[in-house]
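Subject: Structure for you to look over

Dear colleague,

I am handing over the structure we spoke about, with some notes on what was found in it. Please have it open while you read, so that each residue can be looked up as it comes.

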Amino acid sequence: ANGAHVPAIVIGSGYGAAVSALRLGEAGIETTVLEMGRLWNEPGGDGKVFCTMTSPDERSMWFKRRTEAPLSTLLWLDVVNRDIDPYPGVLDRVNYADMSVYVGRGVGGGSLVNGGMAVVPRRDYFEEVLPGVDANAMYDRYFPLAQTELQVNTIDTEFYKSTEYYRFSRVAAAQAEAAGIKTVFVPDVYDFDYMEREAAGTAEKSALGGEVIYGNNHGKMSLDKTYLASALATGKVTIAARHQVRSIELDADGNYALTVEHRGDADELIETKRLTCRHLFLGAGSLGTTELLLRARDTGALPDLDEAVGSGWGPNGNVMTARANHLWNPTGLKQSTIPVMGIDDWDNPEARVFAELAPLPAGIETWISLYLAITDNPERGRFTYDAAADKAVLDWSLEQAQPGVAAAKSMFDRINERHGTSYRYDLFGDDRAFADDFCYHPLGGCVLGKATDGYGRLNGYERLYATDSSLIPGSIGVNPLVTITALAERNLEAIIAADFA
Ligand code: FDA
């Protein structure tokens, strides 16, 4: 309620936020989670909570008039996107000048829309990226803990080899191996037992029915089913959906005072609330957390926040690309939306690349092999606060994406040369073969050990913490959700032990 005081507030409900909520609740600390997106638990008129990728409706995207799918065209035709009514849909695409960032909106954050690939980073690269973090503790304790809590599982290899739904993956894996590049199975939070029942026709189709980026109606163990459910079960945690934090300041008692807007489905303002708390955890994601902190610092509300807030941002080297296969190599009419294999060329000192074999469930045979490459692009962007627009603006240029494109190209050129195949130029809205202007993995903006101490405590203030992807300095070499979760586990354990005594 307006004017309420709680011991702890968590902003956002993605991975970092969900870990924070659970561990605070378990420690007996009354905690309120504020999430700007919807609580996705009620079916719409069609009986489903989420809409499908092939016929998106208002539920698909966050206040857009037309969907903005990552693959926007096929044969250069504008056949993918659809007009929709503005609504607090589950996927947002935040468009900066030279980079668009996909993020989840809703209770569960990115876990509602992502592919669920749950990859522990290579230890040598983790140590390179986050040298201040004790890697022994991470690999012995926090990564396994995160995998258990997230309910990570692995596809049965017999099912993988035999099902038509992974032909696209088998084709691409065989081609990579023939070109001398290693492939690896990738664990996931999608329940593979459920998927086998989908394939057998005994369970309603979700991953096998074209659902993923606009939400999965079944099968996916998103955060609302794992960490957030456990947090609520402590009896100490409440979650307020459609509550967006606008600003943060300190009050005379040294509490954090938040201005929060509660909005409805038409984005109408229901109520502006002022909430105060002793301990404030920012888990609004790389974009959300960084924007709130920049606004607080640069409007003078929290002027002692570090100069480093805003810097160290990167897209995890994300580059999407696609190859055209020969007619005798169809990739399948039926495709699971959950990737389960990666091409691992990270040991190549010339160009470190880890690429997931991504599905393209178009409902027609396309002969396309699609990839999301994660490259070791050293370029970093920076957020600044635009006072007139009251927004964070990303300083990142198309040129900065080119080291990632070059690395991906060098690997996929080898595959194309080996098989006499070529790229597809018709999928990303123009004639580019490499999508260098959007990402799924925004990382950084409030980097661990730079804008914060070694555990996410913001420099300059007490009882103020960043707990999400904003802590990771721009790159982690694999899909980031497990790292975000494990790092939050590590940080929260230290913070609860030391700061709540
Ligand atoms: P996250 O972004 O999850 O959550 C932040 C939450 O805060 C959101 O719900 C947002 O609405 C809310 N919020 C923001 N500002 C707020 C404010 N001011 N007030 C209140 N609430 C606010 N990763 C991976 O490891 N494997 C994968 O397979 C994939 N696949 C993938 C596909 C797609 C389509 C996307 C978009 C992303 C992925 N990812 C992924 C990336 C992964 O989902 C992402 O790294 C994490 O969700 C980031 O977790 P965070 O905890 O940082 O915040």
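Predicted model: local features only at pLDDT ≥ 70, side-chain atom pairs only at ≥ 80, totals over all residues.

Helix α6

Helix α6 runs over residues 192-200, and its buried residues are Phe 192, Tyr 194, Met 195 and Glu 198. These four lie on the same side of α6, because they cover an arc of only 150 degrees around its axis. As background, residues three or four places apart in an α-helix point the same way, because there are 3.6 residues a turn. The face turned away from the buried side of α6 carries exposed residues, namely Asp 193 and Ala 200. If you look for what covers the buried residues of α6, you will find that α4, residues 157-162, is included in that cover.

After α6 comes Gly 201, which has a positive phi, near 85 degrees.

Arg 297

Arg 297 belongs to helix α8, which spans residues 285-298. Is this arginine buried or exposed? With a relative accessible area of 12%, Arg 297 falls under the 20% cut-off and therefore counts as buried. Its side chain reaches two backbone oxygens: that of Glu 307, at 3.3 Å, and that of Val 309, which lies 3.2 Å from a polar atom of the arginine side chain. When neighbours within four places in sequence are left aside, the residues in contact with Arg 297 are Leu 302, Pro 303, Leu 305, Asp 306, Glu 307, Ala 308 and Val 309.

Two loop residues with positive phi

Gln 151 is a residue other than glycine with a positive phi, near 60 degrees. Gln 151 sits in the loop between α3 (135-150) and α4, and it is partly exposed, with a relative accessible area of 40%. Arg 242, again a residue other than glycine, has a positive phi near 55 degrees. Arg 242 is found in the loop that lies between β6 (237-240) and β7 (243-250), and this arginine is buried, at a relative accessible area of 9%.

Cavity and pocket

How many cavities of 30 Å³ or more are there? The count comes to one, and the largest cavity holds about 40 Å³ of space. Its lining is made up of Met 99, Pro 315, Gly 317, Asn 318, Val 319, Asn 377, Trp 396, Ala 401, Gly 404 and Asp 436. At least two of the lining residues are supplied by each of β11 (318-324) and α9 (398-419). By class, five residues of this lining are nonpolar, four are polar and one is charged.

The second largest pocket has a volume of about 200 Å³. Of the 16 residues that line this pocket, those nearest its centre are Val 49, Phe 50, Asn 216, Asn 217 and His 218. The lining of the second largest pocket divides into four nonpolar, seven polar and five charged residues.

With best wishes

Conventions: Residues numbered from 1 in each chain as written. Heavy atoms only, no water. Buried < 20%, exposed > 50% of the residue type's maximum accessible area, 1.4 Å probe, protein only. Arc of directions from axis to C-beta. Contact = heavy atoms within 4.5 Å. 1 Å grid on protein atoms, 1.4 Å probe; cavity = no way out; pocket = protein on both sides within 12 Å on 5 of 7 lines; lining within 4 Å. Points joined across faces, edges and corners; volume = space filled by probe spheres on them. Nonpolar A, V, L, I, M, F, W, Y, C, P; charged D, E, K, R; others polar. Polar contact = N/O pair within 3.5 Å; in protein donor to acceptor, adjacent residues only side chain to side chain.
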